[in-house]
Amino acid sequence: MLAWYGAYSQLWLCKPALEIMALGFMVSRCLSGIGVITFPKAKADGTVAEFSRNSSDVLSRNVLIVYLVLLAAGMILIRPVWGSLAFVGALLIFWYYHHIAMKYFGGTTGDISGFFLCICEVGMALILAVVSNF
């Protein structure tokens with residue numbers, strides 16, 4: 001909570017950083033959706049397994065990837081370096097989420113997916129708070 005507060009108190013003063021972060025919320029949701037669809041499930045009867053059962057995996061994944069590319073382009077158009085750093089930060093956090101889910105849980109769950117959303121959003125906010133000072 002303190003990281004959120006600190007990052008947003010800095011972002012509040014910088015309109016381009018806020019605009020990038022607004023797109024960042026959608027980036028984290030797209031990555032979360034991709035994770036829910038493509039990662040192995042830790043439990044066959046869990047929430048994530050239920051959500052992924054009710055979707056066309058290939059179509060849903062491809063639509064999310066298209067959205068992700070469009071969001072990355074939008075972030076980069078606002079401020080190329082800041083947008084690139086925020087997007088790469090989100091991808092690195094997504095990789096970390098996959099690593100933790102596979103290593104410790106044998107797949108993803110709804111709780112781990114929620115953990116990813118929180119960490120991804122605060123990570124992008126912290127990255128933008130730091131780079132907006134330069």
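1. Some ground rules to begin with. Residues are numbered from 1 along each chain as its sequence is written, and side-chain values use heavy atoms, with hydrogens and water left out. As the model is predicted, local features need pLDDT of at least 70 and side-chain atom pairs count only at pLDDT 80 or more, while totals for chains, interfaces and linings use all residues.

2. Ser32 sits in helix H2 (residues 15-38), and Ser113 belongs to helix H6 (residues 110-131); helices are DSSP runs of H or I with at least four residues, numbered from the N terminus. Ser32 is buried at 8% relative accessible area, and Ser113 is buried at 7% (buried means under 20%, exposed over 50%, partly exposed in between, with a 1.4 Å probe and protein chains only).

3. The side chains of Ser32 and Ser113 make a polar contact at 2.9 Å (a pair of N or O atoms within 3.5 Å, where one must be able to donate a hydrogen and the other to accept it; residues adjacent in sequence count only if both atoms are side-chain atoms).

4. Setting aside residues up to four places away in sequence, Ser32 touches Ser113, Phe116 and Leu117 (contact means heavy atoms within 4.5 Å). With neighbours within four places likewise left out, Ser113 is in contact with Ser32, Val36, Tyr97 and Thr108.

5. Elsewhere, Val66 lies in helix H4 (residues 57-78) and is partly exposed, with 48% relative accessible area.

Conventions. Helices (H or I, at least four residues) and strands (E, at least two) are DSSP runs, numbered from the N terminus.
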